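Let's walk through this model together, moving from the sheet to the core and then to the charged pairs. Have the sequence and the 3D view at hand.

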Amino acid sequence: MCIRDSKGVGLLLPQAKLRHVTMIDCQLRLINLSGCVNKAAAFTRCDLSEGVLNGCGWHRTPLRECRMVGCHVTGTSFDGVDLTTCEVEGWALGGGELKGALVTRDQAAAFALLLGLVIKG
């Protein structure tokens, strides 16, 4: 199923199972996907800012050019997920969520600061 150019601001989908769902150019600010399992889903150019993505599973779920500013991602594994084209500032996370995620150098520096690291030089 493909969903295009839709508004889902504040959409509540906790514990949902999104399988073979593609969302393109959707406004999904403040979405709640807590505990959601995403299998073979895809998000392209979607705004997920300030979303609650705690405990989500992103198995084979591409995130392309998504805006994900201020998201809550505690307990979510991004292992194997390519975040390089996404805007990912100001995340609330615990630390282990980013293990294995593919990020740019600038994103890595921003995440390091969020985790309390002091970058010297």
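Which residue in β3 is the bridge partner of C2? It is T22. A word on the ground rules before we go on: this is a predicted model, in which local features need pLDDT of at least 70 and side-chain atom pairs count only at pLDDT 80 or more, while totals for chains, interfaces and linings use all residues. Residues are numbered from 1 along each chain as its sequence is written, and side-chain values use heavy atoms, with hydrogens and water left out.

Let's stay with the sheet for a moment. Two strands pair if DSSP finds at least two bridges between them. In this model, β1 and β3 (residues 22-24) run parallel and are joined by three bridges. Step back, and you will find four strands in an open sheet with parallel pairing, ordered β1-β3-β5-β6. The edges are taken by β1 (2-4) and β6 (63-64); each has a single partner strand, so one side of each lacks a neighbour in the sheet.

Now turn to the aromatic residues. Rings of Phe, Tyr and Trp (for Trp, its six-membered ring) pair if their centres lie within 6.5 Å; planes under 30 degrees apart count as stacked, over 60 as edge-to-face and the rest as tilted. The count comes to four aromatic pairs. One of them is F43 with W58, an edge-to-face pair at 5.9 Å centre to centre with 70 degrees between the planes. This pair links distant parts of the chain, as F43 sits in strand β5 (residues 42-44) and W58 in the loop between β5 and β6, 15 residues apart. Both F43 and W58 are buried, where buried means under 20% relative accessible area, exposed over 50% and partly exposed in between (1.4 Å probe, protein chains only). F43 and W58 also belong to one aromatic cluster with F78, W91 and F111.

The largest nonpolar core has 31 residues, and those touching the most other members are F43, L53, W58, L63, M68, F78 and W91. Such a core is a set of buried Ala, Val, Leu, Ile, Met, Phe, Trp, Tyr and Cys residues joined through side-chain atoms within 4.5 Å. Beyond its neighbours within four places in sequence, F78 has contacts (heavy atoms within 4.5 Å) that include W58, L63 and W91. N38, in strand β4 (residues 37-39), counts as buried because its relative accessibility is 0%.

Finally, the charged residues. A salt bridge is a side-chain nitrogen of Lys or Arg within 4 Å of a carboxyl oxygen of Asp or Glu, and the whole structure has four. R45 bridges to D25, with the closest N and O atoms 2.8 Å apart. R45 is in the loop between β5 and β6 and D25 in the loop between β3 and β4, 20 residues apart. R29 and D47 form another, at 3.8 Å between the closest N and O atoms. Because R29 lies in the loop between β3 and β4 and D47 in the loop between β5 and β6, this pair ties together parts 18 residues apart in sequence. R29 is partly exposed at 28% relative accessibility, whereas D47 is buried at 10%. A network of salt bridges links R29, D47 and E50.

How values were computed. Helix = DSSP H or I, 4+ residues; strand = E, 2+ residues; numbered from the N terminus.
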